[in-house]
Every structure is written in C-alpha cells, then in structure tokens.
Amino acid sequence: MGTLTNKRILLGITGGIAAYKCADLTRRLRDAGAEVRVVMTQAATQFVTPLTMQTVSDHPVYQHVFDDAVAPDTTMAHIELARWADLILVAPASANSLAKLAQGRADDLLTTLCLATDAVVAVAPAMNRQMWQNPATQDNLAALRRNGIAVFGPAEGIQACGETGPGRMLEPAELIALAADLFATGLLSGLRVIVTAGPTWESIDPVRGITNRSSGKMGYAVAHAAVDAGAETILVSGPTHLDPPERVDVVRVTSAQQMLAAVHDRIGEADIFIGVAAAADYRPAEVSVDKIKKDAETMTLKLIRNPDILASVAAIPQGPFTVGFAAETTDLIHHARKKLERKGVDMIAANKVGVPETGFDSDDNALALIDDQGIIELPRMHKSRLARRLIREIARSYHAKDSTENTRRAHRR
Ligand code: CTP
C-alpha cells in the first residue's frame, strides 16, 4: 500500500507541453494507491491523446459537461464526478486555467468540477516564465491561495520554449509527495486512538453462529483517517474480509466479549475511543461443544446480553474522549440523542440504515454528528472521505473540550 491508498484523485489536464508527463503522473499516482480519473480540456488533447490517458488510468477520459461517460444514469453528471473526488489536481495548470479558476468561471467540464466540488483543489502551474511572472498571473495565484486552493510549484529551469526561469511543472514524484501531504493533516498528532470495527461472531456450536451485515468498511476507513491525521491507531476488528490499513496496529477478535477484553487491555493508553463495530447485543447462553443435530421440529435459542463496550469505555473515570455510532431506521436524531445521553459518550455519529446506497455493505454513507454543541450533517459520500470529515470533527470537538480534562487524561498514563 502506498501514501495515497484509498484516495480518489481527479486529474485535470489543461493545455501545456507538460501534459506529456501526465501519463507517467497517472501511473505513479496509481502505484501510490490512488484511484485516478482524468478530465481533459480541449487544449490538453493537442498535447496528449485521450486514448493514452484512458489506457494509463484504466477509465474513460471525461471532456465535456454533458459527457455520457461521466455518469451514464444521471443528468447531474458533473456533480457526481465532483462528489467522487477527494482531490482535484489540475496539472499542468495553464495561465488561462488559473485565470478561469481565480474568477470562478465554469465554461468547461474541469472548471465546472472545480466550482462544484467540496474536495481539495490543487494546481500545478506550467507556463513560460514571462507568463508566470506577469502581474495578472500573480494576482490570480493570490486569489486562488486566498480561496484555499493549493499551489504546487512551479520549478525553475530550462523551459520548452528555450528560455530559463520559473514556470516548469514539478516532476510527478514531487506532485505525489505534495498531494500526500494534503491528506496528512496532523490534527491528531501525538494522540492515541482505538477504533472498533466490523461485526462480531457469537458461536452457537463449532460451525454456526450469530453475526450481522456489517462489512467493517466504515471502521477501517476511520482507522485509516486517524492515522492520516497523525494518531497512533489501534483497530480492534471483528471478522471482515478487508485488508488492514497501513500503519495501523490491528487486533483481530471474534466475539463481543473478546472485543471488550481487547479494548480494555489497551484503553489506559487511549486519548480517543471510536466504537464503529456492530458488536452483537446478545450471544447464545450456551455454546454447544458438538455440532447441534436437527433432531427436533423446532428449537429455541436462549440469548443473553453482551456487555456494551462503548458504554463501558465511557464509564471509565477520566477516560478517553468517546465516540459512538448509532444505526437507526427511524427518528434518527431523536434516538441518537438518547443514545448519547444513555451511554454517556462525547459524540454520536448517527446513520440511517435500511436506505439504499448507504449503510452496511455500501461504499457510501451519510452521518449526522451529535455532541453537546449541536448537530453537524455530513451528506452522502464515499466512506473514506466521510471518515476524514468525521476525524476532523472529532479532533475539533476533542480539542475544544476542557483542556484540563485532556491534561488529566495525559497524567493517567
Ligand atoms: N456497541 C458496543 N457494544 C455492544 C453493542 C454496541 O460497543 N455490545 C456500540 C457500537 O459500536 C456503536 C454503539 O454501541 O458505537 C451503538 O450501537 P447500536 O447497535 O446502534 O445501538 P445499541 O446501543 O445496540 O442500541 P439499540 O440496539 O437499542 O439501538
């Protein structure tokens, strides 16, 4: 796994000779773990062919606002693509494209996407040194920076036009390092985070058990986002088919009781606990040593309550900042608020289950975050992106808490 694992990057190519480097850039972005989609302006197609970019990205190249290829079954294609991206990287960014982005124009697919997205936008300028040094270009750059757009480069050196000076696009390896830095926020640096994820398996006999439809995707994405934010992260995971996120210490468990023990073994060191697991509320009262035979016409399974891991962590005096999840089918906010109070946690992330395209096995989810300050709605988006937004809000809420409370926690170590 690379530095950009799970990141969705929309590469916007504009008209400039440096466009020839985009095939290599795309290949390297993918090697670094990113998913890449490519948007080209008309001018860009003069320098590199869409077929080349389609081949290296392994996806159709998007060129027009009303492209069918963007999202075949929707009339809001550009919105879908803008939502898809974690980062829009405009490389090379011509002087003209910088001017359009600075003005907020939307006269082609790429500029429309940059306006319509709430993802990070970065530009890698590439142009003749006179164009770069022109006050109009410098004014546009200042406007872009003011609007939160990251500017990568340019480098100095010999230019395609034969002149020497600033205006060369950075090399692909440099662009990739800068893109990775954008995701490494440092919001949780120096903190220890424990995340639970996945379902649990409660044995009935050696071959049967009770489980649920949780895939673990959300919990794994949260652990990944915590590491990206600089936290030392432990992921206590029930049975899933997912690859462990890089730099995360994974502890594998099967039952809710094992999950409880694994969490409490490590909780003394934790600053933040995030319970994403769909731990079973009940387990069979007895586990048969041998496989149960189908002798009777009916059978009754007696279940007993499992410990509530989240509530047990929230009950620790001067314990970590605790975040719970609430999966609800009705009255989302009402039930989630009740859960916040009942379990005594600092924040609840509520998601509506039983609706298409979000929840258990889906790649997308939407959350309402509830704490004592109010509600923040995070609309439907890919789970990895949602996890980063969640971590941002957790960091904000954690740091906003009475600092003496956090200091006391530090003394507990
Ligand atoms: N949770 C836990 N241990 C359990 C059950 C749940 O730590 N044995 C945690 C989950 O990780 C989640 C939160 O509790 O963070 C909410 O779980 P949910 O299933 O939505 O609600 P319950 O508390 O089980 O309540 P109810 O089933 O009544 O909705």
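**A chat about the sheet and its cores**

Tutor: Let's start with a strand pair: E8 and E13 run parallel and are joined by four bridges. Keep in mind that this is a predicted model.

Student: Okay! Which residue in E13 is the bridge partner of Thr-196?

Tutor: That partner is Gly-275.

Student: And how many bridges join E8 to E11?

Tutor: Six, and E8 and E11, which covers residues 232–237, are parallel. As one example, Ile-194 stands opposite Ile-234 of E11.

Student: Is E8 mostly covered or mostly open?

Tutor: Mostly covered, with five of its six residues buried.

Student: Let's zoom out. What is the strand order in the open sheet?

Tutor: There are eight strands, in the order E12-E11-E8-E13-E16-E17-E18-E19, and the pairing is mixed.

Student: Which are the edge strands?

Tutor: E12 (249–252) and E19, each of which pairs on one side only. On average, neighbouring strands here are turned by 20° against each other, ignoring direction.

Student: What about E17 and E18, parallel or antiparallel?

Tutor: Antiparallel, over three bridges. There, Ala-349 has Leu-369 in E18 as its bridge partner.

Student: Which strands does helix H12 touch?

Tutor: H12, residues 332–343, packs on the sheet and touches E16, E17, E18 and E19. Its direction makes about 150° with that of E17.

Student: Then where does H13 lie?

Tutor: H13 lies across E13, E16, E17, E18 and E19, and runs at about 160° to E19.

Student: New topic: how many residues are in the largest nonpolar core?

Tutor: It has 36 residues. Those with the most contacts inside the core are Leu-188, Val-222, Ile-272, Ile-274, Ile-391 and Ile-394.

Student: Which elements each supply at least two residues of this core?

Tutor: Two of the helices do, H9 (217–228) and H13 (383–400). So do the strands E8 (192–197), E13 (272–275), E16 (321–328), E17 (347–352), E18 (364–371) and E19 (374–382). H9 gives the most, with eight residues.

Student: Why would residues like that gather in one place?

Tutor: In soluble globular proteins, nonpolar side chains tend to be buried together.

Student: Let's go back to Ile-394. What is Ile-394 in contact with, leaving aside its neighbours within four places in sequence?

Tutor: Ile-394 is in contact with Ile-272, Ile-274, Phe-321, Val-323 and Met-347.

Student: And how many residues does the second core have?

Tutor: The second core is separate and has 34 residues, including Leu-25, Leu-29, Met-53 and Ala-122.

Key: Residues numbered from 1 in each chain as written. Predicted model: local features only at pLDDT ≥ 70, side-chain atom pairs only at ≥ 80, totals over all residues. Heavy atoms only, no water. Core = buried A, V, L, I, M, F, W, Y, C linked by side-chain atoms within 4.5 Å. Buried < 20%, exposed > 50% of the residue type's maximum accessible area, 1.4 Å probe, protein only. Contact = heavy atoms within 4.5 Å. Pairing = 2+ DSSP bridges. Axes fitted to C-alpha atoms, helices over the stretch in contact; angles between N-to-C directions.
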